[in-house]
Amino acid sequence: MELQEQELIEVKERMESVKAEISRFIVGQHDVVEQLLWGIFAGGHVLLEGLPGLGKTMVVRKISEVMDLEFSRVQFTPDLMPTDITGTNMIQPNEQGGQSFVFHQGPLFSNIVLADEINRATPKTQSALLEAMGERTVTVMGEMHPLPEPFFVLATQNPIELEGTYPLPEAQMDRFIMKIDVAYPTREELKEIAVRTTGAVVQALEKLVDASFVVHAQQLAKQLLVADNVLDYAVNVTMATHPDHAHAPDGVKKYVHYGSGPRGLQSLIAIAKVRALFDGRYNVSKGDIKKVACSVLRHRLFLNFEGEAEQVDKDHLITELLESVEADLPKARK
């Protein structure tokens, strides 16, 4: 199917409308909203990290409202069991007077699942979520149940150093297409938050797109072109996250234990395509790769002991990496 200019224009205009509508309720957090939309339209799951009370849950809820997607919220706690999120088989009477097992769906059977404070659940429950994220199915008593389309897990977590948290395993971290750091609001934004949330008027948001539009836009994004030089750049960026690679910058060699796998490269390209789509362009640029690199790679860099001890900023390492790859790209082609 050939991309039509009118389709690109329509997606760009509708996404601008979605962001504008969300900003009628959400104060600030423009980058957070935009990056969440990148993740959704790339068909991936997104992890948001920030201190409690910064509006992570509300942002996800309002996005689902404006996009008219079925929404469910799960508050992750240490006593949450896998069947609490997947659903379970229950005995029910049938028309013949006997009894049979009937599957009752859990909160995972929604378009957008908000996994709130995901790192407060035990690894057993996190592994049940991992199947849903990776395979878009849940398995209960040996029976596989497909999840609705589209399906996204938008998870929030508190910083790992807070008490009562279980760090996510590397395999599950890698399933998130990107990780978004939610910053503290500015002074002006704090004032506006107080004005909007303590008054008597409740701001109702308009539904502007639906599930069919999301699926259509996802297919359009996949058709965008990636030139060889842009793909080479993305490959070199991914390879330079590994400390034993020849073109890894000094910071990566000193502080990183291991870097991104192939899924990181796939995520870079997928998110860059959506960014280009939202901008109404037919092709991905190196600027797209640079813009999305921190969000895509920050949770795929695993620091060594020295990096953890010195609390090295991963975004700073990625910025250094991008500059290093840019300088070494001509050498890498030879």
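Tutor: Let us begin with contact, which means that heavy atoms lie within 4.5 Å of each other. Please keep in mind throughout that this is a predicted model.

Student: Which residues of α8 meet which residues of α11?

Tutor: On the side of α8 they are A217, L220, A221 and K222, and these meet K273, V274 and L277 in α11.

Student: How are the axes of these two helices placed, parallel or perpendicular?

Tutor: Angles of 65 to 115 degrees count as roughly perpendicular. The axes of helix α8 (residues 211–222) and helix α11 (residues 262–278) cross at roughly 105 degrees and come within 9 Å, and the two helices are therefore roughly perpendicular to each other.

Student: Is V296 buried or exposed?

Tutor: A residue counts as buried when its relative accessible area is under 20%. V296, which is found in helix α12 (residues 286–297), has a value of 0% and so is buried. Leaving aside residues up to four places away in sequence, V296 touches I177, M178, G264, S267, L268 and I271. With I271 there is a separation of 25 residues along the chain, while the C-alpha atoms of the pair are 8.1 Å apart.

Student: Which residues make the nonpolar surface patch?

Tutor: The patch, of about 370 Å², is made by I91, F101 and M141. I91 belongs to strand β3 (residues 87–93), and with a relative accessible area of 52% I91 is exposed.

Student: How many salt bridges are there?

Tutor: A salt bridge requires a side-chain nitrogen of Lys or Arg within 4 Å of a carboxyl oxygen of Asp or Glu, and by this rule the count comes to 16. One of them joins the side chains of D68 and K207, at 3.8 Å from N to O. That pair links distant parts of the chain, 139 residues apart, with D68 in the loop between α3 and β2 and K207 in the loop between α7 and α8. D68 is partly exposed at 39% relative accessibility, and K207 is partly exposed at 49%.

Student: Where do D288 and R275 lie?

Tutor: Their side chains meet in a salt bridge of 2.6 Å, N to O. D288 lies in helix α12 and R275 in helix α11, so the pair ties together parts that are 13 residues apart in sequence. D288 is buried, at 0% relative accessible area, whereas R275 counts as partly exposed at 24%. Salt bridges with shared partners join R275, D279, R281 and D288 into one network.

Conventions
Residues are numbered from 1 along each chain as its sequence is written. This is a predicted model: local features need pLDDT of at least 70, side-chain atom pairs count only at pLDDT 80 or more; totals for chains, interfaces and linings use all residues. Side-chain values use heavy atoms; hydrogens and water are left out. Patches are made of residues with over 30% relative accessible area and no salt bridge: like charges are joined within 9 Å, nonpolar side chains (Val, Leu, Ile, Met, Phe, Trp, Tyr) within 5 Å. Accessible areas come from the Shrake-Rupley method with a 1.4 Å probe; for residues, only the protein chains shown count as cover. Helices (H or I, at least four residues) and strands (E, at least two) are DSSP runs, numbered from the N terminus. Buried means under 20% relative accessible area, exposed over 50%, partly exposed in between (1.4 Å probe, protein chains only). Axes are lines fitted to C-alpha atoms, for helices over the stretch in contact, and angles run from 0 to 180 degrees between N-to-C directions. Angles under 35 degrees count as roughly parallel, over 145 as roughly antiparallel, 65 to 115 as roughly perpendicular and the rest as oblique.
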